[in-house]
Amino acid sequence: MDQHESHADHHTGHHSTAHEGHAPGKASWSMAMKATLHCLTGCAIGEVLGMIIGTALGWGNAPTMILAIVLAFFFGYSLTLWAVVRAGLSLKAAVGVALAADTLSIAVMEIVDNGVLLLVPGAMDAHLSDALFWGALAFAFLVAFLITTPVNKWLIGRGKGHAVVHQYHH
């Protein structure tokens with residue numbers, strides 16, 4: 001072990017200089033935006049699927065929104081799980097990484113985008129075939145992205161959030 005390699009780095013095979021950009025205090029806006037887009041992708045898949053299922057089953061707004069939020073978390077975590085398992089982690093370890101990396105980011109994204117949808121007049125009553133539905137959803141995701149990106153930058157800057165995931169990317 002050379003003088004630049006910590007004890008933990010020795011066990012993982014990573015040199016401390018290999019991931020300088022992911023060290024606490026080194027968060028860039030670009031890194032935060034990528035983490036937020038990753039989060040947004042999972043959230044969008046889950047939310048749209050939840051809205052489609054809830055609408056198809058004739059559910060009201062509240063149960064449809066709950067299903068959409070549950071699926072947003074499921075798909076948000078799933079994207080991270082897939083990436084870190086592919087990088088060689090066990091499923092158990094990957095679940096811990098996904099929970100640590102994504103929970104706050106997904107929660108902020110869901111609170112903001114669902115809050116925006118509740119505030120846009122007529123959005124909650126719009127049907128999947130209505131331009132208002134898709135326009136309000138796109139607007140809600142944009143606002144959520146703009147608010148969640150600084151949260152992710154803050155997390156990454158402290159070695160949390162997607163900084164946890166980045167250590168498994170090569």
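A crossing of two helices counts as left-handed if the near helix is turned anticlockwise from the far one by less than a right angle, and as right-handed if clockwise. By that rule, H2 passes H3 in a right-handed crossing. This is a predicted model, in which local features need pLDDT of at least 70 and side-chain atom pairs count only at pLDDT 80 or more, while totals for chains, interfaces and linings use all residues. Residues are numbered from 1 along each chain as its sequence is written, and side-chain values use heavy atoms, with hydrogens and water left out.

**Helix pair**
- Helix H2 (residues 29-56) and helix H3 (residues 61-86) pack at an angle of about 145°, their axes 7 Å apart.
- Axes are lines fitted to C-alpha atoms, for helices over the stretch in contact, and angles run from 0 to 180 degrees between N-to-C directions.
- Helices are DSSP runs (H or I, at least four residues), numbered from the N terminus.

**Ser-105**
- Ser-105 sits in helix H4 (residues 91-119).
- Ser-105 is buried, at a relative accessible area of 0% (buried means under 20%, with a 1.4 Å probe and protein chains only).
- Leaving out residues up to four places away in sequence, Ser-105 touches Cys-39, Thr-148 and Asn-152 (contact means heavy atoms within 4.5 Å).

**Helices around the second largest pocket**
- H2, H3, H4 and helix H5 (131-157) each supply at least two residues of the lining of the second largest pocket (lining residues have an atom within 4 Å of a point on a 1 Å grid; a pocket is an open set of points where a 1.4 Å probe fits, with protein on both sides within 12 Å along at least five of seven lines).
- H5 gives the most to this lining, with 4 residues.

Conventions. Buried means under 20% relative accessible area, exposed over 50%, partly exposed in between (1.4 Å probe, protein chains only).
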